[in-house]
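Let's take a friendly walk through a structure together. Have a look at the view below, and then read on.

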Amino acid sequence: MEHLFTNLATALTGWMITLGLSPVWADVILLLVKWIIIITIITLNIIILIWLERKVSAFFQERLGPNRLGPFGIFQTIADAIKLLTKEDIVPSAADKLIFKTAPMFFIVVAVMLYTVIPMGQGMEVINLNIGLLFFISMGSLSTIALLMAGWGSDNKWSLMGAVRSVAQMISYEIPLAFSLLGVVMISGSLNLQDIVAAQDNIWFVILQPIAFLTYFIAATAELNRGPFDMPEAEQELTGGAYTEYTGMRWALFFLAEYTNLVAVSALMATVFLGGWQGPWLPSWLWIIIKTYGVILVFFWVKWTFPRIRMDHLMSFSWKVLVPVSLGNILLTGAGIYFCQWMGWC
Amino acid sequence: MMQSDIYNVNVGPIHPSTHGGLHAEAVMDGEIIQDVIVHLGYVHRSVEKIAESKTYQQFVPYTARLDYLATNLPVLGYCQAVEKLLGIEVPERAEYIRIIMAELSRIASHQIAISATGIDLGATTGLMYGMRDRERIMNIFEMTGGQRLLSSYIRIGGVGADIPDEFIPAVQSFVNDIPKMMDEYNGLMTGNEIWEARMKGVGILSKEDAVKYGVTGPNLRASGIAYDIRKAEPYGIYDRFDFDIPARSGGDSLDRWNIRIEELGESGRIIQQALDNLPEGEVKAKIPKVLKAEAGTEVYHRIESAKGELGYYIVSDGGNKPYRLHVRAPSFINLMVLPLVCRGGVFQDLITNIATLDPILGESDR
Amino acid sequence: MNGQGLIKGLGITLKHFFQKEITEQYPDVMPELATRFRGCLQFEFEKCIACGICVNSCPNNVLSFETEKSENSKKKKLLSYTIDFQYCMFCNLCVEGCPKDCLHFDHDFELSTFSRDDIKRVYLRPAEMDEEKEADAAPVQDEQESKEQKQIDAMLKALQKNPQKILAKMLEQEEDIGILSELMQSNEKTAGKIAELLVKDKEKAAKVAAGFVTKEKKNRLQAEKGGEE
């Protein structure tokens, strides 16, 4: 079980080479297959995830949630997807058509790119990048542009306000997010995510870096535009924010991308702080799924409990609390490493 | 300070958090609100004019549609006004039942205010808990009046019918659970740091301004004036009950919010006393089928509705219909301070202020 | 402060996560309604005395009815009762006003219909009600009818025996009487008709008789013209 997927990949490469393909072409085809599998998994996963969020939020509120289609309403999301696909695609006449139409595509592409570096098990990743963490952070910050495109292209005051808010918010929270991960990088000595997982062989980084863990969690919530930091949407205030003018599948793509981001960020959290795919008894790929879903459930829990924070508080919280704390954490980590080396522990 | 172009944002009439058909046009400088222009009239149904073409009894169901979230309070106000006009004595038992229904309506209205504030500020779960508890009041209304929202139970001269057997246990268990509900709302929302940050110091309405604008109800009490018509000018049999008027001094959104939660407890106390002292007897006075007041008589009667001072001014010309009926709607007057409390705040404060001023558009537009 | 409130809130939602759901499963499980629940307004035709209190107490002109004055008694006879339900606001005033309890709300709350016309409900006078009354009135009517029939038969015989004498009461000119008596002898239907009318309504009989005469005269005139040509 442990090497199920890696063995499959090796077998596939071997089979292609016996067909007479050069090893380079076999690798390229394998990469394509991996991408197709990832996109399929993302889509399926999100269908489950949307259902799960609706169900979990319902349980928090003593409701039943979707319960009509299929057992426990599991096919509800599929029905919703069909509905969204068949809906009329409305493009506002005043909209900047090109920007308006490309924004959702850009958003989803950026979100899917994040999966490139996340190790989904032992030796299971699309590309084993040496600067995997850096790639993840830089890719994650690109989604800001998509939201700005959506807000600007819609030519709507609500959309623009939502977009401007999201840009301010995401740029502010990018910094504590990166800083909080820096402590982990300092301990493990690598930006490669597989190396970071390997470094947690004995002890998870959540125990070594609790402050960084909390900072990352808060900053990630803001990066994901999830409650209580869902400023860009803020449907009670901005009537949907940057997504106000979108309909049908274009809107659904935003929705899809948000959940894709959620899974990616949760998976990174599991990888960096919760020991990644490491765990006893079960195969590694199952462990990362369990840990990711655990983190996602905490995200749900937070969202369905807290009220939305105010924009100016959000900004001051980032610059006045999170950035100094994460900087202090780096200092503390550095001092700790120096202390350990001086004591000869590592 | 940096100055950008001024632009207007129309919050409403179709907007998720405008509590009906409110249209607040925000004049904004970036995220800072310069001014708010309140446009009213989207729910105008000419209720006052309808009153002139309906008999005194026929108009009773229409009054429930003024403040549909506290359905028994506007009906009570109207019926008491007509009784005052015609000199009708209401039986003792009916008076007690009316008190119970009125206070239940007040709780129902405050629970809507609490729930709506919850959802407006993004705490969706708060909405659900508030609505869940309000459902029990709706069931009690269904028991007595037969309808959940617009129960049409209070009549001129008493109430529609005597309370059913299952009424008292249901009300008793609800009253017993009020402290638990208050704890839950406080735990989920009031004590929350994000909640406090969004409400504290937001939309401050000073004592002087509140008096100047004629603000009444919980909004006035939050500004530091413990004025409640139930105490100041007791109507019905309110003078027999022992209860407190919660008041705060800050006048900000958090105070307005807290006042409403505290009033749940006070209403619970009144209901408990009414249940304990409920006498036996008739529930409806013997009144003629056609009610006629003397020509030229007029009456103004006011009650403490969930939103503030709700007054009815009735002029009679001797016929069986009012010659003129005017409603002094608290929501209309309370809404007029919206620009005042919003100025200088950020856009999100507008939503907080609408939610905590708790207007009901059916009443303010009439 | 300092995050305690946040944690308390999380605790409350977590507690509810494991509590039982309170959602009502409406289409599957019908809700338990209070006895006084006001669903659909129902009308019982038999009890109604057409007093009109319900119509006068309704604030929204939902109710209306049609009556007919019956000949035998002072009571108004209710023909139809209409509930235009789309304007009903379920205020219960009509039910409370009704002295005979013929209006009541049932527990059916699924009131939506496909077309606007279906909302309006018209109660027509049930056939049994009239039948019952007819059954009471029938023997009397039969007696009356048989009495009349006998009179008509007697009149017919008299007409056939001695037309001139009877017709002289209706028609003034001798010529007309002659024409009509000829007509009656040739056609029994005409005789029957005039006999029936003579029993029931004498003035009408005179008019009809005059009509017959003028018609016969025209016919004869035309026949003469046709002969000349």
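## Where the chains meet

In this predicted model, 25 residues of chain B are in contact with 21 residues of chain A. On the side of chain B that touches chain A, the elements giving two or more residues are β1 (6-11), α4 (92-120), α5 (124-145), α7 (193-199) and α14 (347-357) of chain B. Sorted by class, that side of chain B has 14 nonpolar, seven polar and four charged residues.

Let's turn to a sheet in chain B. Three strands form this open sheet, in the order β1-β2-β3 (chain B), with antiparallel pairing. Its edge strands are β1 and β3 (32-39) of chain B, each of which pairs on one side only. From one strand to the next, the twist averages 25 degrees. β1(B) pairs with strand β2 (residues 23-29) of chain B over six bridges, in the antiparallel sense. One bridge partner to look for is Ala26(B) in β2(B), which is the partner of Val9(B). Across β1, β2 and β3 of chain B lies α14(B), running at about 155 degrees to β2(B).

Now for two helices in chain A. How do α3(A) and α11(A) cross? The axes of helix α3 (residues 76-85) of chain A and helix α11 (residues 248-273) of chain A come within 7 Å and cross at roughly 135 degrees. Therefore α3(A) is oblique to α11(A). By class, their contact has five nonpolar, one polar and no charged residues. The residues that meet are these:

| Helix | Residues in the contact |
|---|---|
| α3(A) | Ala81(A), Leu84(A), Leu85(A) |
| α11(A) | Gly248(A), Met249(A), Ala252(A) |

Key: Residues are numbered from 1 along each chain as its sequence is written. Chains are lettered from A and ligands numbered from 1 in the order in which they are written. This is a predicted model: local features need pLDDT of at least 70, side-chain atom pairs count only at pLDDT 80 or more; totals for chains, interfaces and linings use all residues. Two residues are in contact if their C-beta atoms, placed from the backbone, lie within 7 Å. Helices (H or I, at least four residues) and strands (E, at least two) are DSSP runs, numbered from the N terminus. Ala, Val, Leu, Ile, Met, Phe, Trp, Tyr, Cys and Pro count as nonpolar, Asp, Glu, Lys and Arg as charged, and the others, Gly among them, as polar. Axes are lines fitted to C-alpha atoms, for helices over the stretch in contact, and angles run from 0 to 180 degrees between N-to-C directions. Angles under 35 degrees count as roughly parallel, over 145 as roughly antiparallel, 65 to 115 as roughly perpendicular and the rest as oblique. Two strands pair if DSSP finds at least two bridges between them.
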